[in-house]
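Hi,

Here is the structure I promised to pass on. Have a look at it first, then read my notes below.

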Amino acid sequence: MEQEHFFQCPYCWEEISMIFDASVYKQTYIEDCEVCCNPIEVSPTFEEGELVAFYSQSIEQ
């Protein structure tokens, strides 16, 4: 079960979206912004297939 989530990039401030596997309760990984290509650490949390928490931060290089 996949779910798309829209949020603001912490580098370029553009609205971007990522698709997450809603069957996994808690996830943390690094994904590049689709606009500026900088790495973002994202941490979505799901309960019963619904997004209940989302955290994103820049990865200082």
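Which residues form one aromatic cluster? They are Phe-7, Phe-20, Tyr-29 and Phe-54. Keep in mind that this is a predicted model.

The count of aromatic pairs comes to three. One of them joins Phe-7 and Phe-54: the pair is tilted, with 4.9 Å from centre to centre and 50° between the planes. Those two values are there because a pair of aromatic rings is described by the distance of the centres and the angle of the planes. Phe-7 sits in strand β1 (residues 2-8) and Phe-54 in strand β5 (residues 50-58), so the pair ties together parts that are 47 residues apart in sequence. Phe-7 is buried, at 8% relative accessible area, while Phe-54 is partly exposed, at 24%.

Now for the core. The largest nonpolar core has 10 residues, among them Phe-7, Phe-20, Met-18, Ile-40 and Val-42. Strands β2 (15-21) and β4 (39-47) each supply at least two residues of this core.

One last stop is Thr-45, in strand β4. Is Thr-45 buried or exposed? Thr-45 counts as buried because its relative accessibility is 8%, and the cut-off for buried is under 20%. Apart from neighbours within four places in sequence, Thr-45 is in contact with Tyr-25, Lys-26, Glu-50, Leu-51, Val-52 and Ala-53.

Cheers

Note on methods
Residues are numbered from 1 along each chain as its sequence is written. This is a predicted model: local features need pLDDT of at least 70, side-chain atom pairs count only at pLDDT 80 or more; totals for chains, interfaces and linings use all residues. Side-chain values use heavy atoms; hydrogens and water are left out. A nonpolar core is a set of buried Ala, Val, Leu, Ile, Met, Phe, Trp, Tyr and Cys residues joined through side-chain atoms within 4.5 Å. Buried means under 20% relative accessible area, exposed over 50%, partly exposed in between (1.4 Å probe, protein chains only). Helices (H or I, at least four residues) and strands (E, at least two) are DSSP runs, numbered from the N terminus. Rings of Phe, Tyr and Trp (its six-membered ring) pair if their centres lie within 6.5 Å; planes under 30 degrees apart count as stacked, over 60 as edge-to-face and the rest as tilted. Contact means heavy atoms within 4.5 Å.
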